[in-house]
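Thanks, everyone. Let me put the model on the screen and walk you through it.

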Amino acid sequence: MQRKPMFNMYWMYALIVICLLGLYWFQDNSQVVDVDWTKFEESAQNGEMDKIVVLSESGTAEGHLNEAGIKAQKIDKRIVNESVMLKTTIPSNDKIADKIEAWNAALLSQGKPEISVTYKRDSDLSKIFWYFGPIVLFVVLMIFMSRRLSGPGAGGPGGIFNVGKSKAKVFDKSGGQSVTFKDVAGLAEAKVEIEEIVEFLKNPERYTELGAKIPRGALLVGPPGTGKTLLAKAVAGEANVPFLSMSGSDFVEMFVGVGAARVRDLFKQAKDKAPCIVFIDEIDAVGRARGKNPNMGSNDERENTLNQMLTEMDGFGSNNGVIILAATNRADILDKALMRPGRFDRQIYVDLPELSDRVEIFNVHLRNLKVNSKLDVEQLARQTQGFSGADIANVCNEAALIAARNNKDAVDFSDFMAAIDRIVGGMEKRSRVITDDEKKSIATHEAGHATISWMVKYGDPLVKVTIVPRGRALGAAWYAPEGRQIVPTQALLDSICGLLGGRAAEELFLGEVGTGASNDLERATKIARAMVVMYGMSDKLPNLNYIDSTGQDYGFQKPYSEETSKLIDDEVARIIAEQYQRAKDILKKYAAQHNEIRDLLVEREVIYTADVERILGKRQWKSRTDEIIEITARQEEKKRLESKSDSEEESSIKVSSGNKGSMKQPDEKTDVDATDDETPPPFTKE
């Protein structure tokens with residue numbers, strides 16, 4: 001099939017250039033003087049012309065004057081562009097030839113040159129084209145550009161002439177939306193609330209019969225990459241109602257009043273299609289708290305847009321059947337009027353996935369990968385604590401790329417571990433030249449981290465230790481962070497102690513410290529300062545919080561005095577100093593084991609949990625993951641016993657009812673041990 005040539009704007013530019021060149025080359029710049037026939041004949045008889053052009057169609061003649069003719073007509077040569085012509089209306093086309101022949105005969109008798117004659121079939125159409133052609137071309141170009149700008153290629157419906165129109169994309173049953181709730185792994189609680197919103201629109205009678213009102217809106221809040229937009233796409237795929245999707249930045253435009261106009265048009269479309277769902281992604285682009293304009297009081301177009309949105313969501317107008325969904329990862333900066341019930345009745349928090357959720361997410365992304373049959377997905381989920389759904393998708397893709405780079409037939413566990421290292425730490429830099437002294441210093445530093453984290457109570461489980469440079473780091477100790485719901489004071493102190501373990505090891509075993517601990521010191525200082533100013537964990541400043549989580553109250557001023565500021569600095573320095581001394585005390589106690597880990601690192605460059613466990617022995621405290629597994633196992637066993645007892649009771653009742661002559665009651669159920677109901681305290685010793 002032959003493709004049609006596509007229009008290109010450069011064609012129009014080329015046509016304009018050609019027309020301008022034509023005007024330049026073909027335009028007659030001669031000066032024309034209109035005279036009567038008598039004067040024209042007199043000038044010709046006196047030899048003042050060197051050429052006559054007869055235009056037979058228009059019945060005119062143009063006589064080009066020579067030097068003598070220009071002087072005779074008293075025309076200043078300085079203002080003459082090219083030539084001067086005398087133009088007149090000829091008496092008759094038949095007699096003009098005889099007249100010119102008589103003029104030439106008289107001129108020859110006087111010894112003057114003849115007048116050359118040219119006959120043309122002149123038409124006014126050519127002159128009309130050159131005079132009015134550029135104007136017509138300009139008008140055509142403007143009409144074409146206006147149609148292009150008002151079409152779908154001008155940034156959405158409406159273009160520049162309908163800039164106030166909404167850019168919302170409409171999805172309905174015929175749109176072929178393929179994402180459903182089955183494609184959303186994990187997020188069980190969030191899916192329940194989202195599914196209920198879809199049910200509101202499918203069967204509203206179930207709720208309105210009891211006097212309930214359908215929620216006006218729901219706000220999806222959570223860290224980046226957790227699946228907020230994916231949930232909205234699933235709503236579009238599940239709901240049998242129109243779904244209007246728009247980004248918050250689509251309301252922001254360089255023209256004043258455009259954002260408010262687009263909000264009005266969006267809600268007008270929604271009311272016309274009701275019942276329907278409107279989804280606004282990244283609503284913080286227009287929903288920021290008012291009064292925080294960096295322009296110091298000047299008119300802010302974003303505030304006008306927000307005011308219009310507040311009015312449309314809960315104003316005098318009725319929005320029955322229209323539910324607003326919005327997503328953001330910065331709910332703390334949204335305007336309070338936008339967050340109140342009646343506008344966004346529900347806030348659905350989409351958190352980072354737990355262990356079971358990560359297993360589901362891995363299974364979704366592994367569908368299209370050719371993986372090893374022995375791949376342990378649960379182990380992968382354990383190694384990706386704190387990863388979002390987008391991070392897990394990136395891990396799967398990187399693992400496939402690494403396997404293909406190594407010419408493997410399938411993606412195995414080692415490829416996934418390499419992908420996790422690549423994402424977290426960066427690419428290995430084997431080509432970086434490191435001296436033996438630097439290698440020993442790095443190994444001492446990382447062995448210090450590993451030893452401290454292994455020996456403290458709340459240290460994260462160690463995965464591996466490496467001195468292979470990655471990214472900007474010369475070495476790293478990899479952990480599997482445990483997602484605690486409540487972090488006790490000792491856990492924060494143990495984190496600081498572990499971060500300072502590398503610097504403490506350098507001072508103890510090398511006699512000097514280097515610059516490799518800069519990142520550790522930064523993180524430790526942030527934790528210590530948060531303990532003092534945010535969590536109220538300081539002895540001298542207990543139960544005080546100097547941080548405004550909304551970012552709306554304090555502005556440019558500190559919420560404490562200079563004396564308190566000095567006290568905060570002293571407390572932060574005290575915490576750091578105490579944990580640094582604690583780290584040195586632990587390393588002195590286990591100096592032989594630390595040195596063995598260091599030597600093994602220098603030899604192998606990478607060591608794993610089994611190597612550290614062989615040197616330091618098993619950890620004294622259970623990890624939180626192990627305790628959760630034990631608690632879950634006991635709960636499952638309790639449910640199994642309860643279901644078994646219920647089934648035995650039902651069977652006993654049936655037997656008793658079948659034997660009418662017997663009045664004997666069935667045996668009582670054996671009570672489950674009361675200790676199963678008690679949740680053991682976290683991090684108990686083995």
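First, the ground rules. This is a predicted model, so local features need pLDDT of at least 70 and side-chain atom pairs count only at pLDDT 80 or more, while totals for chains, interfaces and linings use all residues. Residues are numbered from 1 along each chain as its sequence is written, and side-chain values use heavy atoms, with hydrogens and water left out.

Start with helices H6 (residues 188-202) and H8 (residues 228-238). Their axes come within 11 Å and cross at roughly 30 degrees. Helices here are DSSP runs of H or I, at least four residues, and strands are runs of E, at least two, numbered from the N terminus. Axes are lines fitted to C-alpha atoms, for helices over the stretch in contact, with angles from 0 to 180 degrees between N-to-C directions. H6 and H8 are therefore roughly parallel to each other, a label for angles under 35 degrees.

Who makes the contact, meaning heavy atoms within 4.5 Å? From H6, Ala-190, Lys-191, Ile-194, Val-198 and Lys-202; from H8, Leu-231, Val-235 and Glu-238.

Look at Ala-190 in H6. Ala-190 counts as buried, at 5% relative accessibility. Buried means under 20% relative accessible area, with a 1.4 Å probe and protein chains only. Beyond residues up to four places away in sequence, Ala-190 touches Leu-231, Ile-348 and Val-350. Ala-190 and Asp-351 are 161 residues apart in sequence, yet 9.0 Å apart in space, C-alpha to C-alpha.

Now the cores. A nonpolar core is a set of buried Ala, Val, Leu, Ile, Met, Phe, Trp, Tyr and Cys residues joined through side-chain atoms within 4.5 Å. The largest has 43 residues, and Ile-496, Ile-597 and Leu-601 touch the most other members. Several elements each supply at least two residues, including strand S12 (462-466) and helix H16 (436-455). H20 gives the most, with eight residues.

Which residues does Ile-597 contact, leaving aside neighbours within four places in sequence? Ala-447, Thr-451, Ile-607, Val-612, Ile-615 and Leu-616. A second, separate core has 28 residues, among them Phe-200 and Ala-232.

Last stop: Leu-375, in the loop between helix H12 (355-365) and helix H13 (377-383). Buried or exposed? Leu-375 is buried, with a relative accessible area of 15%. Not counting residues up to four places away in sequence, Leu-375 touches Leu-366, Leu-380, Asp-412, Phe-413 and Phe-416.

Notes. Parallel < 35°, antiparallel > 145°, perpendicular 65-115°, else oblique. Contact = heavy atoms within 4.5 Å. Buried < 20%, exposed > 50% of the residue type's maximum accessible area, 1.4 Å probe, protein only.
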